[in-house]
Amino acid sequence: MEFTLITLLNGVSYGLLLFMLSSGLTLIFSMMGVLNFAHASFYMLGAYFAYAISIKIGFWPALVFAPLLVGLLGAMVERYGLRSVHKYGHIPELLFTFGLSYVIVELVQLIWGRSTVPYPIPASLDGPLFTLYTTTFPIYRGFMMLVALVMLVSIYLLLTRTRIGLVIQAALTHPDTVEALGHNVPRVFMLVFGGGCALAGLAGVVGGNAFVTEPGMASTLGSIIFVVVVVGGMGSLAGAFVASLLIGVLQTFAVALDYSFVTMFAKLGMAITANAPGYSLLSLTIAQVAPILPYLLLVLILIFRPRGLLGTREG
Amino acid sequence: MSLLTIKNLNAYYGKSHVLHGVDMQVNAGEIVSLLGRNGVGRSTTVKATMGQVDATGSILFKGEEIIGLKAFQIAHKGLGYVPENRDIFPTLTVEQNLMLGQKSGRTTGDKPRWSMEDMYQMFPRLRERRNTQAGVMSGGEQQMLTLCRTLMGDPDLIMIDEPTEGLAPKIVELVAEYLKELKNRGISVLLVEQKLAIALEISQRVYVMGHGSIVFEGTPAELRVNENIRKEWLEV
Amino acid sequence: MSKPLVFKPINLARWIIWSSFAILLILAPMMFNTGGSLSLLSQMGTLMIFGLSYNMLLGQGGMLSFGHAVYSGLGAFFSIHAMNLMTAGSMTFPVSMIPLIGGIAGMFFGVLFGYVTTKKSGTTFSMITLGMVELVFACSLMFPSFFGGEGGISTNRVIGSSFLGITYGPQIQVYYLIAFWLFISTIGMYAFTQTPLGRIVNAVRDNPERVEFIGYDTQWVRYLTLILSAFFAGIAGGLSAINFEIVTAENVSAIRSGAVLLFTFIGGVGFFFGPMIGAILGVFLTVMLSDLTKAWQLYLGVFFILIVMYAPGGIASIIMMNLRVAKFGMFKRVWPSMWKLVLAATVTTAGVILAVEMLYQRTLEATQSAVIEMFGVSIDTASSSWWLMTIIVIALGIFACAKLKGGFAQHWGDVNTEIEEQMRRAQA
Amino acid sequence: DTIKIAYIDPLSGPFAPVGQNILNSYQYIADKANAEKWGGEHKFEVVGFDNKGSPQESLNVLKTVIDKGFRYITQGNGSGVGLALLDAVNKHNERNPGKEIVYLNHAAVDPDMTNSKCSFWHFRFDSNSDMKMEALTTFMAADKNIQKVYIIGQNYSFGHQVTRAAKEYLARKRPDIQIVGDDLHPIGQVKDFSPYVAKIKASGADTVITGNWGADLALLIKSAKDADLKANFYTYYGSTTGVPTAMGASGIDRVKYVGYWNANNETFAGKDIIEGFKAKYKDDYYSMATYSVLAAMGQAVKQAKSIEPAKVAIALEGLNFKSLNGEASMRKVDHQIQQPLYIATWVKTNGKDVKFDQENTGMGWKTNQKIDAFVASQPSSCQMKRPG
Amino acid sequence: MTGFSLELIDVRKSFGSAEIIRGASLQVPKGERFAIIGPNGAGKSTLFNLISGRFPITSGDILLNGESITTLKPYEINRRGLSRSFQITNIFHRLSVYENLRCAVLWSLGYKYSFWDRLNGLKDAHERAEAVLEQIGLKRRRNITAGLLTYAEQRALEIGITIAGGADVILLDEPTAGMSRSESDAAVELIRKVTVGKSLLMVEHDMSVVFGLADKIAVVVYGEVIACDTPANIRNNQKVKDAYLGGHAPVEVE
Ligand SMILES: Nc1ncnc2c1ncn2[C@@H]1O[C@H](COP(=O)(O)OP(=O)(O)OP(=O)(O)O)[C@@H](O)[C@H]1O
Ligand SMILES: Nc1ncnc2c1ncn2[C@@H]1O[C@H](COP(=O)(O)OP(=O)(O)OP(=O)(O)O)[C@@H](O)[C@H]1O
Ligand SMILES: CC(C)C[C@H](N)C(=O)O
Ligand SMILES: [Mg+2]
Ligand SMILES: [Mg+2]
């Protein structure tokens, strides 16, 4: 029981971190059609900025300024880079961000070096939030979950209370016409890209000290957030939310389960020996296949429900 | 009183010079038609006015120079534009399309002349289809939608590029009626048309364009009697 | 991408091009005979086949795959297992034909995975391929007996006794094996572009919907193309197995797939030979540059971004544009403004490289000495005068670029408009 | 002459921090060796080459360095890479007689490299994972509090070896200890270890054995702290770059490591190196194998009166030399170094027996026990083919 | 075996809850030219989409040369000899004009998915493409990239692609939309020429085209065929006037 509950909590909080990361990506992808390969790099920048700021003036200011800084940077990337690529279509846009991810990780190393930087959890958030049976649940994880939820609500309000989403979607097909209707399209694009990056930055501020702040942190999270966005349904924020939780919980539980076909058959009274055909396949435990589960889910979803869980449009 | 004055307008697509010094004007409360064969540059004139094509010369709107401004800035000054190839937003619903017609951050406090309801009354078909994705609507329905979408922005002058293209004859008549109605509500119209009959029927003045410049200016009656111009520039 | 370029290079008899290609392949090792260039040439050859096969999808079929390495990688694994079986004596097969095993394996998985991936097109296709490659990659660690775990599978390409003195021990023999397969595969893939299927896949790229209404099942068109492309990718895999004598899981990774996408794009997807240029550059950047400088990834990233921003048709399109200008005899009109811009750009680049190298020295190598050797001089990265000079160089370079850009763009635009005008008139 | 050694290890990517630290260590020791003439009139030069952590890339680099005239290579970060290089070096030497190269292994500790896959051209200057496990289990056997052990490791050759050896040796030395679970996770990919920790916790383990290194170790320990897992960690690589920072105070008294050296050893041997290194690189010197390699090489070239690899290799065989942990010898049968091992615990520095901290954390490693070379020594199944 | 090329029997189609086609029936005899007119949104294009297999039909039946094609995919229907054009130009914009046409003839000549034939060696495909090129009057533009053609030329190419495969039932959706008078006159000539002996079904709003070309006119209103008759009868049909033509004289010449 203790184990199940704790694992569930762990899964949910991991899922919420995934959501923080993927919400910005979803935002940018759904609105601008840009698959931002550098998204995780902005997450990393968030962590590093927060580190740099927090050693000077503390964690709380960093929580505010680091995402703003990342957002500013994102807006500049859009303004001076992405915008001129936009006219060539989505593939060059994607490739632009792909190249950008290389550059960012190098610049980070240039400034902060190649090893882990000491970016600690602030003392006020360090410690157990509550104890479940004998396991403690850290305050910081609770804080992470809170931030994620606040993020969800504010993006939702932004999207439903403003026309920004509509403007951008329309501008994807007919930018000139949208402008002729009186909307400043380039500025909206810049804001959205900057905003998406700021969200990644915020995730970085929170995730950076929950885990480790190091130059490799971007690449390790990179592909999993794509899975989240696609499984949830491209462009669907709610979908990204559900998918994040699903994948978070799925992966967390899978790790914990040591069952394989061999043990299953053994329970049924059938013994499978090591020289049975396909033994290596049958003896794989769920814990061992945990890493492939998100991708398996992705492929299955794309085959059977290409729109994703809650997506509305295909492709 | 002149609402829009275009002087010596030259426009380019990259390097190709399309307009060679266009001069024309639209007065408040007028319907003016811009006629001409295919490819002479009528759409380009309108696009250049809207800031979508590189152009030199002078374009005064309500007395202000608008050349060089961005399209959205021009729109905010009260100029409306209905493009020729419809350009509806296919992934949005009809209603969302209309919503986008409203300008962001309107400054004028007074109520816009048009509400969504007016649009639906004008074209009941749109009301029926208000929650449909605009992309799947029929060609004609899309045409109606673009017109309404621009009206939602509450322009003082509306430039319409071939609004009757692809519409059933009966609807064409209807559109003509609505254009007159716009005029009655105090909106000026610059109409780019292919269908001569309609243009001549509803406009106060007409311009005929040929090879990137204006070759005729006058009233419909004057054009009707001017065999030469019609033969040479309108290929009837 | 941008406006398609209508220009056929000197339309000389095709065989001249092909035989010069063959001669070039034969002579290359003699022209570049310093130390490691043989192994570089070998890598370029394999990457060329891989890139060309990738371009069957991207350039010709409009399919942006993030998982092409699956086919080359699995081809490589099958090849290397075949070689190990041969070493163990449980199988006999000529080593020269090993790439064929790779090709067939690639094709087999093309048949298998392609059936799933090509069901969809566009972004969905891209995403399924991304999922597929991550899946295969993750699996590779689960089945160490086949994939060899982290360390991969290694082999010895010298198998059995020599045949006519060919053992494939010396690198030069491997090079010629690769050159041979490169030649064959290039012909094969070029020929593909000249077949009905090859043309229809272009049509599918442009407008899949319409293809359905001229009698073709687009899904089949994509599927068949992918299978053929996987075949050639498998050949590339087989050759890399022979060349490196090791195959690791990264051969089936998204990183490898991303790399081929990157290099093919840099080379240019709009021209058949674009990926070949991409392969040359790719090997140069990843292998040579990483020896020269620690900042290689930074340069690679920046270079790539510049290409995406300013030459989305890739190097091939830059070359072809210039050739076109030259052919129409107008090169001398752009040259005056071009060389100035190129010079200014070179100065800027040199300045930036200097700055980056100095910065690297200051931060990552701070502990070594403050002095670096560059452009034949020793530079003291700790002295502010060097920094000042670098900054001045960069500033001047950028200033000059900004000033000269307009003039060049003007001339370049004029000339190209004129050429297009001339071509239009010639057509009419 | 100059003995040029190519250092083929990750200098970019996730494993770069460790790679860079060891390269610095090598160059620092090389300077010292040259100043003190360890190799007589011969000088050492260690040049770094980036293998990006990949076996395949390492073979590329190997080709390049051979072309550049290097005859000695050194590598250590990752047994996967090590095995690939070993194989490639063998092939090269076979195909290019007279141009042999020697592989000086400073840290790749998969036992196979000196057993079934042993080679005349390979010398290992780190104790292999079986030897370390031997030492570790000997130490653990004495602790009666240890009842339930959980083994967790990275899913690659070295991780597998650790798991196997831990089970085997514990069963031999303390059959009463229960192995309550073992896990292999993908290397360098896990961001959140809390599910593993929950599992460890559910198993009731009081002790964890792990061969994890780099971020995999840091994250594991952090998660354990968050969930308030009250188990002791017996590690191989607690002292490598990045880990001390990541575990900080949470590891105090809980984390131990087994290795061939500890900065806070009984005599503080290597004190000047640690201080000099820190002054120069603002980093900690912990990869003492760099010292052993150059010390042994210096002695070997003097003995062989040549820097020709084939001759130096013969001189290295069976060589006895002095390293920072005392007397060491390069066993002839399998080219596996025989040297004492240390077991140490993470504590606050106290200026007495724990003088040196790591990564400026104010905490360092306190020596628990120095284990003599013979204790950890393992038999070898090596059937070495010697040239000629 | 009926004598009809194409027969619609009580065809219905709903999108969601909206029934767009409400039991349309129509019979097109072999070799006749039919025009379909009707108000905007009546379902003309939708009807074409149903016939050509772009959308599945909800109920009813569609027979091509006497055989039901309702369950077939677009390409299967095309292979049975039905070809269509689109209201919005739908060509291969990065291929040359000639290649556009050559692609369009390949299947019908039996080359299918061949990757062993050399394209340039296929004489029949070449000749057929050249012939169509001649017919649609784009000979001079042979090697131009299709995307660079003018609008009217693209429309001509659209028709060319549709007829190139030699289908004997042809569906054209507003072929002259956006053309000027002289261009659309040329287009009418072209259509007349290329559909000799074939069955043609054409949607048009331009009455001069409709009355100039059609043997019969079908009027679709609200998803039903309310009338199908000769041009003369349609012109005088009051129902049609109310629903569609309005006050305009059917043939409007200025
Ligand atoms: N994007 C463009 N790039 C280059 N040339 C263009 C472009 N758009 C239009 N043109 C050219 O500019 C000229 C004028 O075009 P414009 O669209 O203004 O004509 P129009 O009078 O509106 O004709 P239409 O009846 O076809 O709408 C034409 O010759 C056309 O070929
Ligand atoms: N995929 C779809 N989903 C929902 N409604 C659709 C869809 N396709 C068409 N419709 C609706 O069906 C009706 C008929 O459309 P259709 O395009 O067939 O009209 P049409 O007769 O061709 O008109 P026009 O002459 O204006 O082109 C329209 O109201 C349109 O909105
Ligand atoms: C550098 C070390 C952590 C490498 C590790 N011992 C291995 O053999 O893989
Ligand atoms: Mg026009
Ligand atoms: Mg229609």
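Tutor: Ligand 2 is surrounded by 20 residues; the closest are B:Arg129, B:Gly140, E:Lys44, E:Ser45 and E:Thr46. A residue is near a molecule if one of its heavy atoms lies within 4 Å of it. This is a predicted model: local features need pLDDT of at least 70, side-chain atom pairs count only at pLDDT 80 or more, and totals for chains, interfaces and linings use all residues. Residues are numbered from 1 along each chain as written, chains are lettered from A and ligands numbered from 1 in the order written, and side-chain values use heavy atoms, without hydrogens and water.

Student: What makes the site of ligand 2 shared between chains?
Tutor: Residues from chains B and E surround ligand 2, so the site is shared.

Student: How do you know that E:Thr46 makes a polar contact with ligand 2?
Tutor: A polar contact is a pair of N or O atoms within 3.5 Å. A polar side-chain atom of E:Thr46 lies 2.4 Å from an oxygen atom of the ligand. For E:His205, a polar side-chain atom lies 2.8 Å from a ligand oxygen. E:Ala42 uses a polar backbone atom, 3.3 Å from a ligand oxygen.

Student: Why are α2(A) and α9(A) called oblique to each other?
Tutor: Their axes come within 8 Å and cross at roughly 140 degrees. Angles under 35 degrees count as roughly parallel, over 145 as roughly antiparallel, 65 to 115 as roughly perpendicular, and the rest as oblique. Therefore the two helices are oblique.

Technical notes:
Axes are lines fitted to C-alpha atoms, for helices over the stretch in contact, and angles run from 0 to 180 degrees between N-to-C directions. Helices (H or I, at least four residues) and strands (E, at least two) are DSSP runs, numbered from the N terminus. A polar contact is a pair of N or O atoms within 3.5 Å; within protein, one must be able to donate a hydrogen and the other to accept it, and residues adjacent in sequence count only if both atoms are side-chain atoms.
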